[in-house]
Amino acid sequence: MLRRAGIPGAGSDSPTRPEVHRLEKTEPVMTHLAFSAHLNELCKDVDAALLDCLRRTAWPKSLLAAVEYSLMAGGKRLRPVLVLLANEVCGGRREDAMSAACAIEMIHTYSLIHDDLPAMDDDDFRRGHPTSHKVFGEALAILAGDCLLTLAFETVASAGINATQVVELTRILASAAGGAGMVGGQVLDLEAERGPFLKSEVEPHKSGRPQNSGCETSVPADQGSGGSAEFSEIQSSDESSKAYSEKNDSNRTAENRVGELSQIHKMKTGALIAGALELGAVSASSDAVSRTQLRHYGHCIGLAFQIADDLLDVTGDQTKLGKKPGRDADLGKLTYPGLLGIEPSRLKAEQLVQEACAAVDIFGDRSVWLKDLARFIVERDH
Ligand code: IPE
Ligand code: IPE
Ligand code: MG
Ligand code: MG
Ligand code: MG
């Protein structure tokens with residue numbers, strides 16, 4: 001198995017692991033050591049469970065090799081760790097959350113394989129190694145991504161918990177990963193870079209599909225994000241595409257470009273991260289208030305995480321990042337540092353971390369690791 005960089009302390013046997021130093025600025029050493037040890041333990045459990053899922057497959061050898069190459073290359077394991085921490089803070093049992101934790105890491109890894117393809121961000125390095133299509137070719141890389149997506153749903157459907165919980169976990173995963181979440185955000189990210197995919201002569205609603213098909217993609221009203229100004233604007237895919245097109249058609253001010261960018265980031269990255277918190281809450285049969293607060297924390301750190309990713313693309317180092325910096329500028333991506341500058345972007349991320357920490361105050365002392373993780377997200381160098 002390949003080694004990874006990671007969350008501080010996680011995978012401590014990794015030769016490429018960056019030095020643990022970030023949280024020491026703000027946290028007492030003992031707290032930091034406990035945080036690192038806990039993350040290390042969670043990551044080891046996730047890695048073992050992921051390998052177990054792969055061992056049960058009966059796939060063509062080449063497909064298994066391509067999937068294992070990307071899935072076990074490491075990475076920070078942020079999303080599965082969030083599932084497990086949310087489960088823990090709600091008093092759940094780790095074994096009840098592990099299938100959902102694996103499933104979300106599978107979906108995340110598929111999204112990275114596809115994100116790196118020549119048709120998308122055309123990247124050569126990921127998790128410290130050549131990207132999947134560089135090693136296996138584009139066809140197998142696409143299929144490895146497809147396979148991870150379907151394996152995610154097979155894994156969550158096989159969770160040994162009650163059927164009602166499994167259905168809810170499945171809905172959360174699908175909604176976070178789909179057109180109103182990650183995939184929709186990736187579309188908007190590419191359109192912000194390249195212009196609209198639909199040329200003006202194409203009329204999408206004349207294809208025979210009624211505009212109101214009865215297929216609900218938006219987040220139910222009672223699952224709103226908790227009332228902050230920042231997150232009251234999260235929209236369904238249809239609403240966001242419409243808002244995007246309208247903004248694209250008019251003269252955009254810097255302010256509405258920031259709104260557009262924040263919508264892209266909330267969808268392409270924030271949806272999966274907020275979904276991870278909800279998966280943890282549901283796997284622990286949490287009460288509604290805990291779930292709402294965790295979702296709000298997730299939306300805040302999700303946006304902060306992508307702002308930090310944009311910043312690291314400007315300021316980061318390839319050996320620590322495991323991917324090549326400077327790609328956003330090469331591609332002409334819409335990013336926070338590109339739009340606001342470095343310091344205002346850092347400030348925005350810091351404000352989001354504070355909002356996230358406040359959202360989990362309801363858990364008292366038990367919120368300490370969620371708060372540590374929120375800080376790590378903006379202070380990380382990888
Ligand atoms: C990278 O995610 C893609 C983004 C959403 C910014 P991570 O930085 O979590 O990637 P890994 O899992 O650690 O490789
Ligand atoms: C990707 O965002 C988000 C995904 C859904 C995979 P980026 O394109 O910024 O991620 P990196 O920088 O390639 O990891
Ligand atoms: Mg991208
Ligand atoms: Mg990319
Ligand atoms: Mg990036």
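What pLDDT does the protein chain average, and what share of the residues score at least 70? This is a predicted model, so that is where I start. The chain averages a pLDDT of 85. Of the residues, 78% score at least 70.

Two stretches need care. Over residues 11-26 the pLDDT is below 50. That stretch still has 39 contacts in the model beyond near neighbours in sequence. Residues 232-241 also stay under 50. There the model has 16 contacts beyond four places in sequence. Where pLDDT is low, the predicted coordinates should not be read in detail.

Now the ligands. Take ligand 1. Which residues are around ligand 1? Here is the list: Gly75, Lys76, Leu78, His108, Arg127, Thr269, Gln306 and Asp309. By class, that shell has one nonpolar residue, four polar and three charged.

On to ligand 2. Around ligand 2 sit Ser111, Leu112, Asp115, Asp121, Asp123 and Met182, along with Gln186, Lys268, Thr269, Asp309 and Lys323. Which element gives the most to the shell around ligand 2? Helix α4 does, with three residues. By class, the shell of ligand 2 has two nonpolar, three polar and six charged residues.

Look back at both lists.

Next, helix packing. Two packed helices are described by the angle between their axes and the distance between the axes.

Pair one is helix α6, residues 138-157, with helix α7, residues 163-177. They pack at an angle of about 160 degrees, and their axes are 9 Å apart. An angle over 145 degrees counts as roughly antiparallel, so α6 is roughly antiparallel to α7. The crossing of α6 and α7 is right-handed. From α6, the contact uses Ala152, Phe153, Val156 and Ala157. From α7, Val166, Leu169, Thr170 and Leu173 take part. That contact has seven nonpolar residues, one polar and no charged.

Pair two is α11, residues 288-315, with α16, residues 368-379. Their axes come within 8 Å and cross at roughly 25 degrees. Are α11 and α16 roughly parallel or antiparallel? The cut-off for roughly parallel is under 35 degrees, so α11 and α16 are roughly parallel to each other. Their crossing is left-handed. Tyr297, Ile301, Ala304, Phe305 and Ala308 come from α11. They meet Leu370, Ala374, Ile377 and Val378 of α16. The classes here are nine nonpolar, no polar and no charged.

Helix α3, residues 78-89, and α10 have axes that come within 7 Å. They cross at roughly 35 degrees. The crossing of α3 and α10 is right-handed. On the α3 side, the contact is made by Arg79, Leu82, Val83, Leu84, Leu85, Ala86 and Asn87. On the α10 side are Leu272, Ile273, Ala276, Leu277, Leu279, Gly280, Ala281 and Ser283. The contact of α3 with α10 has 11 nonpolar, three polar and one charged residue.

Conventions:
Residues numbered from 1 in each chain as written. Chains lettered and ligands numbered in written order. Predicted model: local features only at pLDDT ≥ 70, side-chain atom pairs only at ≥ 80, totals over all residues. Near = placed C-beta within 6 Å. Nonpolar A, V, L, I, M, F, W, Y, C, P; charged D, E, K, R; others polar. pLDDT = per-residue confidence, 0-100. Contact = placed C-beta atoms within 7 Å. Axes fitted to C-alpha atoms, helices over the stretch in contact; angles between N-to-C directions. Helix = DSSP H or I, 4+ residues; strand = E, 2+ residues; numbered from the N terminus. Parallel < 35°, antiparallel > 145°, perpendicular 65-115°, else oblique. Left-handed = near helix turned anticlockwise from the far one by under 90°.
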